[in-house]
Amino acid sequence: MLSFVLCIVALVLGYVFYGRFVEKAIGIDANNAMPCDTKRDGIDFVPMNPWKVYLIQFLNIAGTGPIFGAIMGILFGPAAYIWIVLGCIFAGSMHDFMSAMISLRDGGASLPEQITKSLGKNVGMVMRLVTMVLLIMVVAVFVSTPASLLSSLTSGWGMFEQFAAMVGVEDQAAACVLFWTIIIFAYYLLATLLPISALIGKIYPIFGAALLIMAVGVGFGIFFQSGLEGTTWMPELTDAFQNHHPKGTPLFPMLCITIACGAISGFHATQSPLMIRCTQNEKHVRPVFYGAMITEGVVALIWAAAAIKYTGSYEGLWNEMNNNPAIIVNAICHDWMGQVGAVLAILGVVAAPVTTGDTALRSARLITADFLNYKQDKIFNRLAIALPLAAIVIFLMNIDFSILWRYFGWINQTLAVFTLWGITVWMSKNNRNIYISLIPALFMTFTCTSFILVCPQAQGGFGIPEWIGLSVGAVASIVCGVLFFKSHNAK
């Protein structure tokens, strides 16, 4: 319990002190004009209250990531606590804040446009491709997953018999999934076509608050509730570097890919430009973007601690979860918070992915528009981009892309690597403190390179011996560092 409390305190102190340090490193001027004023179009560039922008940003980047990832990550042991705290303070929050600030300095530019200016056209094109693949995968999965969950909750409703007959589907369960898929996908299109203040600006703060309330309720449960069969045990940092995974999965680099959203996630950098276009003052950037990531780290810590306390052991968590973290989320919320918790659990595992999927599609539209230099002030222009993207998503949903999905975690963190190096080059060109992003860039280069090499072939990696993969990862990180300093010193 003490380790959990100390980690929560560390995250708060990280926001107060290191967040302020990062803010000073780039420089904030409250008198600067903001994109929501200079480019106001009533669609994507719309000024919003800072608390709304914060809740929307939090929900954009959270989804089920800090919940499911943390539950899977705590299987490795209390090393998960350390990764969440250090990753969140020194990598993830800085990554989200700096991608927002660089976008702001460039008039609200999308992530690939930022990377193109920092790392060149060739790297920019690769980045654009990786970003679009990631976003489209997020949309496709976050249509299918909540549709299946909603189907399991509503499959007994009589209306689906009529719907099955209407669409010519004999299996009522399949008709139920199809119904929710259509509803969710239609909402995604509306959310990306309408002004950001019309749907997202109105419902996101509500769902964001619900996700926070759920986390607070579970947090109280950690202190005042017991787990299955009265368990009260919780891991401490005294054995943080021992691997406790029941299946013997290597601690590093697997942990750093398993827990992404609670520590650092490349997907977040696609969302920061979305909300910087709605931010009214530079003094709001740290509370919104650095603060939202710290909040996500707190949520991840809560769920990691709650999962292990509730089940009482690493083996118990593995067995109870049955490779589906949603089972643990539902059980904890229901047992610790009753009917209110049951409702919040549904919001957590259904609404959260939905509210990530729609902004992923919106981000894909904006990235495409920025690349084509195609204004989005008219509905026809937005449709011209959104419909082809929707067609690609529908195509992916009708094929078995489980193989592609194996690479999702690695693609996500590789996107963070590109972003961190882009931030580092930008800082170098603008004579800022390069080390706040350079050190995380080197570490994540090492991590992602090692992961794809060491990861078993059945999970999408090459499955080579661990020591070789780690050695190659270290060499890749050193080479990138040398190339950067050669360029940096040549200025």
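The lining of the second largest cavity comprises seven nonpolar residues, one polar residue and no charged residues (Ala, Val, Leu, Ile, Met, Phe, Trp, Tyr, Cys and Pro count as nonpolar, Asp, Glu, Lys and Arg as charged, and the others, Gly among them, as polar). The model is predicted: local features require pLDDT of at least 70 and side-chain atom pairs pLDDT 80 or more, whereas totals for chains, interfaces and linings use all residues. Residues are numbered from 1 along each chain as its sequence is written, and side-chain values use heavy atoms, with hydrogens and water left out.

The volume of this second largest cavity is about 40 Å³. A cavity is a set of points on a 1 Å grid over the protein atoms alone where a 1.4 Å probe fits but cannot get out, and lining residues have an atom within 4 Å of a point. The lining consists of Leu59, Phe207, Ala210, Leu211, Leu347, Gly348, Ala351 and Ala352, with α15 giving the most, four residues.

Across the whole structure, three cavities of 30 Å³ or more are found.

His244 lies in the loop between α10 (200-224) and α11 (254-258) (helices are DSSP runs of H or I, at least four residues, numbered from the N terminus). Because its relative accessibility is 15%, His244 counts as buried (under 20%, 1.4 Å probe, protein chains only). The side chains of His244 and Asp239 are joined by a polar contact of 3.0 Å (a pair of N or O atoms within 3.5 Å; within protein, one must be able to donate a hydrogen and the other to accept it, and residues adjacent in sequence count only if both atoms are side-chain atoms).

Notes
Helix = DSSP H or I, 4+ residues; strand = E, 2+ residues; numbered from the N terminus. Buried < 20%, exposed > 50% of the residue type's maximum accessible area, 1.4 Å probe, protein only. 1 Å grid on protein atoms, 1.4 Å probe; cavity = no way out; pocket = protein on both sides within 12 Å on 5 of 7 lines; lining within 4 Å. Points joined across faces, edges and corners; volume = space filled by probe spheres on them.
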